[in-house]
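I opened the notebook to check charges and strand pairing. Here is the structure I worked from.

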Amino acid sequence: MSPNSSSALEHQQSKNVPSRPQTTALDLRTATSNVLNRSSPYYRLPPELLAFILTLRFTDTDGLPKGFEITELYRLRLVSKLWKELIEGAPTLWTYISSDYPTVVIQDCVRWSKNHLLQIRVPPILSTSVEALIEVLQLLQLHSHRWKTLEYCPNNRRWIDTIRSRHFLESPAPMLQSINVNLEEFGEFEPPVNLAGGMAKGLRHVTLKHAILPEYSNFVHGLETFSLRNMNRNEVQMGEILNIFVKNPALRRFELHCNGAEEETNPTTSPAHPSNPVANALEEVVFTVTHPRIISHILSQVSMPNCKSLKALADCGEWDGDLPGHIQDEMLAQFMPRVREALSLGGRTRLLVQPGLECGWRSSTEYEGFQFAFDWSTVTLESVIAWIRGLCGALESPLELEIVLSTENWETLETLAGWKEVTKLTFLDLGYNEYKEVPLPSFLGDFLADPNGGLSWNLPNLRELDVYDARYNLSRVFGILNRRYLPDACVKEMEGLGITIQAPPRIDLRVRGTTDVGDVLLMTALKSHWGVRSLEPGKFNK
């Protein structure tokens, strides 16, 4: 058989590769070739340079394959014989394998990756039958000695054979460096899964979901990153959590998601750790808990002198919406100097006000030092701002806030009216409900009369207003500005009558315009408005 006929036969076979239902993106029958013209500069590229370009194109910034582009990679094989040989001969392009690939694609990946280490993924949403998944898991098990990373996170038990899944997860994987597994399918009374056959001695990154400590504690040592998520079985053992910092001195990132209540986790009755762990390598800490005392207990026990980022989310429902400032202070005790430095040097911080009693406070992203993000649910704005003001009371420079609003609750909006710390107001679109929008507060144009015969306005230090995402009618914005800012002639006339005018600063305005004639006129009017310092129209909608 001639080389040409062999190539034609292979091309014909690739067009008839079977694929599972709902995997049409990887159905090779759609991989039609866009053959390059011989005059194209790509056709004349040296093979070494072409291979280098393909490697750059199909790997991310960390040098890992972009698995979601497997279809395009298959199409490029059909450009020419040279391209086919180059692509199939580049093992690093085939080391990412997802269980939702058709079996023939997985077989190709295993073969063309040669002896390179593999990155295995079983995604949360499975698009295959139980039988097809079993077939894939058995195929991948044969190469567990080459696993470098394993992500196993299916979230639908109907598609899972628990016995086969256990065998898969217990496959000996001595080269495994990173594992991310959801163990929810394995019942509370079943024996723990012996992950990687107990042979992954070089693990550096571990994410465990629905895992119970201490059953998996022997798996957690010598790590650089560790995440424990969705612990909702009332099995949060504080002693085991603290031991993580002792057994992992090189730990750079720690994350804990815990749904237990205080009486279930009982952190206040947990004894102090005898060694007082010092996590010198720790740079990032993330907490998502239902009780802030869980956070304060850990942070009071473990010293984190080099931490660069702290994120904490807690529910304050036990205090009827009042932020427990004393617990917040306990939680931040070792971070307080860094938080105050971030406030002094980092400039304006952000306060996110969300539907219901939810809000979050963020440090400035432009600040290169310590970053913080505190989120609270079931909390009132009044208690949040009171705590923030107390925290910032000793600062030399005044507190500046950007308020980001994504709630249509008028009572919440009215709470902001008297806040002097607000220098920027941003309104977001309520994407979850197309029939509602964040109302443009009328209080922006309301004046206040003081007993001494002066006039001032709410949010007296507001310098920036961003309503681009909220897509307000421009006439409403224009009307608010007319009420908030008086023409110079009016100001002089009123001052001549003995009325003191405390005019707010001119504003930097960001809006979303359209090509409608009316909007074009209003944009012109806004740009020349006496209360507008600058106008950013963003992209125009047609």
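**Entry 1: the model.** I am working with a predicted model. I kept that in mind throughout.

**Entry 2: salt bridges.** I searched the whole structure and found 21 salt bridges. I then looked up some of the pairs.

I took Arg-166 and Glu-170 to begin with. They form a salt bridge, and their closest N and O atoms are 3.5 Å apart. Arg-166 counts as buried because its relative accessibility is 15%, under the 20% cut-off. Glu-170 has a relative accessible area of 25%, so I noted Glu-170 as partly exposed.

Next I checked Arg-229 and Glu-255. Their side chains meet in a salt bridge at 3.2 Å, N to O. Arg-229 sits in strand β6 (residues 225–231) and Glu-255 in strand β7 (residues 253–258), so this pair ties together parts 26 residues apart in sequence. Arg-229 is partly exposed, at 25% relative accessibility. Glu-255 is buried, at 5%.

Entry 3: I looked up Glu-464 and found a salt bridge with Lys-424, with 3.9 Å between the closest N and O atoms. The pair links distant parts of the chain: Glu-464 is in strand β17 (residues 464–466) and Lys-424 in strand β14 (residues 422–427), 40 residues apart. I read 22% relative accessibility for Glu-464, which counts as partly exposed. Lys-424 has 17% and counts as buried. I asked which residues join Lys-424 and Glu-464 in one network.

**Entry 4: negative patch.** I turned to the surface. Asp-320, Asp-322, Glu-382 and Glu-411 gather there in a patch of negative charge. I followed up Asp-322. Asp-322 lies in the loop between β9 (309–315) and α11 (325–331). Its relative accessibility is 44%, so Asp-322 counts as partly exposed.

**Entry 5: a sheet.** I traced an open sheet of three strands, in the order β15-β16-β18. The pairing is mixed. Which strands are at the edges? I found β15 (447–449) and β18 (500–501), each pairing on one side only. Strand β16 (residues 454–457) pairs with β18 in the parallel sense, over two bridges. I looked up the bridge partner of Leu-455 in β18, and Ile-501 is the residue.

How values were computed. Residues are numbered from 1 along each chain as its sequence is written. This is a predicted model: local features need pLDDT of at least 70, side-chain atom pairs count only at pLDDT 80 or more; totals for chains, interfaces and linings use all residues. Side-chain values use heavy atoms; hydrogens and water are left out. Patches are made of residues with over 30% relative accessible area and no salt bridge: like charges are joined within 9 Å, nonpolar side chains (Val, Leu, Ile, Met, Phe, Trp, Tyr) within 5 Å. Accessible areas come from the Shrake-Rupley method with a 1.4 Å probe; for residues, only the protein chains shown count as cover. A salt bridge is a side-chain nitrogen of Lys or Arg within 4 Å of a carboxyl oxygen of Asp or Glu. Lys and Arg count as positive and Asp and Glu as negative; His and the chain ends are not counted. The place of a charge is taken as NZ of Lys, CZ of Arg, CG of Asp or CD of Glu. Helices (H or I, at least four residues) and strands (E, at least two) are DSSP runs, numbered from the N terminus. Buried means under 20% relative accessible area, exposed over 50%, partly exposed in between (1.4 Å probe, protein chains only). Two strands pair if DSSP finds at least two bridges between them.
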